[in-house]
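Please look over the sequence and the model before reading on.

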Amino acid sequence: MKLKQIIFPAAIAFTMVLGGCSDKFEEYERNPNRAESVSPDLVFRGVVSDMNIDRPWSNITRWNQFDCCNYNYYGDQRYDWTGASLNYTTLKNVVKMEEEAIKRGQPEVNPYSALGKFARAFFYYRMSSLVGDLPMNEALKGLEVTTPKYDAQKDIFLQILDWLEKSNTELTQLIASGDRSLDGDIYFANDLRKWQKVVNTFRLRVLISMSRREGEAGLNLKAQFAELFNNKAKYPMMESMQDNLQYAYSQFNKYPSNPDNLGFDATRYNLSATHLDNLVTINDPRAYIVAEPATKQLNTNGKTPADITAYVGAPAGEDLANMSSKMANAEQAEYSVRSRSRYYNNYVGEPGIIIGYPEMCFNIAEAINRGWLTGDAEEWYKNGIKASWRFYGIPVEMAGSITKIYNNQSYVIPVDFEGVYYKQAAVKYSGNNTDGLKQILIQKYLAFFQNSGWEAYFNWRRTGLPDFSVGTGTGNSGAIPMRFQYPSSERTTNSANWTSALQSQYGGEDNINARMWLVK
């Protein structure tokens, strides 16, 4: 009895302690040093900053064949692609941004909901274009759905177009009401009108990216494109380079190529022949802006930096050992390197265009050429070239000149867009035919130099233009791949759905050379 009397009160006390701990468990679990909630503007800032994920002078620009690495310590041109870099973490933040806006009393339609739809469209377009089918409807549900099913790429693109339509509608409503609640905007100082132009300009990109599915029932690509183009009051779009969605670098967030790495890689990277030689062929002054002359052309062949034929690109498909040997002698280098006066002169560099006016002009010109809408394709084609020239400070309205600085010497280069450049048969628009389409696509490629992420590659994959260099240097048995593999995490954590998606798309293999629905 005595023993029982001792144990019984102790058991009661222990139960009371447990009950007290249980009541306060959530309180003890909280970390006072970690925010439990965050305002939507702070999340928005991170989301839109992530839109600059594909930066200039990255591996992506080599896969776009804008530049080449001639030194294997720093990299190569190989297309040995494995798992893609996807954006689900950013998309989770989009969900959180939308939730926090509602928690803080915002109505259902608010700037964060409108731009959240654009962000979903932007990142799903990027991700699906890289791999194909993806989890979408069952994704982003946390513990509720841990193994989400894959949605077909066609359905993803239809959803992207729907998000963009709704984003435009909500932005129209918010602008009409005078809503001023957006904050955290690093691009347009919270101007919803600017964002609405971006939304509709991006929609043109999405529609033209689907051109290979033009005849497929239910897509109505021509009708959608024509409605957007012909109803500017409902669907405002970019009107100039001032409307670009572009990332401005600074002393604190430095341009990727800057004085800090001048001594390391200024001569380790060449301009690619795919880009530079296309400029040289049409006597395009952008060659002088982005590149330096190959020193062998100066020191052996007697050319000057003012001679456009002194600028020579490196073929991405060349064996890296050969490319390296051709650059070993600084005074006899066979290929052009980046312009040091432009790309290593300061930390701010040039803005990184994410969605730009030149691309919009070329997309409209292409749509007219394809018969998707009526209009003057040549006018839009010329507008796209001129806009790209203006980005580099090249005069377009009248004859003028640019100054090429090389080895601390100045060389004046005369330029005349209308009187000389555009009169060339290779440049003047050939009409709404195959040759005209080729001109549009090559000029679009040239305007994508070091901007717009994957778009140069996506356009090449869709159209085959311009000709990409292949060979030992690009690997993959001399072929440019059609897609990335899925991240390895999908195989290990979502195996059944991953296997099913591969079977329905690619014959069961995660093959980088297989064609997705978008480009079949």
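**Thr 295 and its surroundings**

The side chain of Thr 295 comes to 2.8 Å from the backbone nitrogen of Ala 333. This is a polar contact, meaning a pair of N or O atoms within 3.5 Å; within protein, one must be able to donate a hydrogen and the other to accept it, and residues adjacent in sequence count only if both atoms are side-chain atoms. The model is predicted: local features need pLDDT of at least 70 and side-chain atom pairs count only at pLDDT 80 or more, while totals for chains, interfaces and linings use all residues. Residues are numbered from 1 along each chain as its sequence is written, and side-chain values use heavy atoms, with hydrogens and water left out.

- Thr 295 is part of helix 13 (residues 295-299); helices (H or I, at least four residues) are DSSP runs, numbered from the N terminus.
- The backbone oxygen of Glu 331 is also reached by the Thr 295 side chain, at 3.5 Å.
- Thr 295 counts as buried because its relative accessibility is 12%, where buried means under 20% relative accessible area (1.4 Å probe, protein chains only).
- Apart from neighbours within four places in sequence, Thr 295 contacts Thr 300, Ala 330, Glu 331, Gln 332, Ala 333 and Tyr 406; a contact means heavy atoms within 4.5 Å.

**Thr 61**

- Helix 4 (residues 59-63) contains Thr 61.
- With a relative accessible area of 4%, Thr 61 is buried.
- A polar atom of the Thr 61 side chain lies 2.8 Å from the backbone oxygen of Ser 58.
- Not counting residues up to four places away in sequence, Thr 61 touches Arg 55, Pro 56, Phe 66, Asp 67 and Gln 450.

**Helix 3 against helix 6**

- Helix 3 (residues 40-49) packs on helix 6 at an angle of about 25 degrees, and the two axes are 12 Å apart.
- Axes are lines fitted to C-alpha atoms, for helices over the stretch in contact, and angles run from 0 to 180 degrees between N-to-C directions.
- Helix 3 and helix 6 are therefore roughly parallel, a label for angles under 35 degrees.
- Helix 3 contributes Pro 40, Asp 41, Phe 44 and Val 47 to the contact, and helix 6 contributes Tyr 112, Leu 115, Ala 119 and Phe 123.
- Of the residues in this contact between helix 3 and helix 6, seven are nonpolar, none is polar and one is charged; Ala, Val, Leu, Ile, Met, Phe, Trp, Tyr, Cys and Pro count as nonpolar, Asp, Glu, Lys and Arg as charged, and the others, Gly among them, as polar.

**Gly 116 in helix 6**

- Gly 116 is found in helix 6 and is buried, with a relative accessible area of 0%.
- Leaving aside neighbours within four places in sequence, Gly 116 is in contact with Val 94, Met 97 and Glu 98.
- Gly 116 and Val 47 are 69 residues apart in sequence, and their C-alpha atoms are 9.0 Å apart in space.

- Eight of the nine residues of helix 19 (residues 455-463) are buried, including Tyr 457, Phe 458 and Trp 460.
- The buried residues of helix 19 pack against helix 6 (111-131), helix 8 (192-209), helix 16 (357-369) and helix 18 (434-447).
- Gly 464 follows helix 19 and has a positive phi, near 80 degrees.
- In helix 9 (residues 221-230), the buried residues are Leu 221, Gln 224, Phe 225, Ala 226, Leu 228 and Phe 229.
- The cover over the buried residues of helix 9 includes helix 7 (153-177), helix 8, helix 16 and helix 17 (377-391).

Methods: Buried < 20%, exposed > 50% of the residue type's maximum accessible area, 1.4 Å probe, protein only. Helix = DSSP H or I, 4+ residues; strand = E, 2+ residues; numbered from the N terminus. Parallel < 35°, antiparallel > 145°, perpendicular 65-115°, else oblique.
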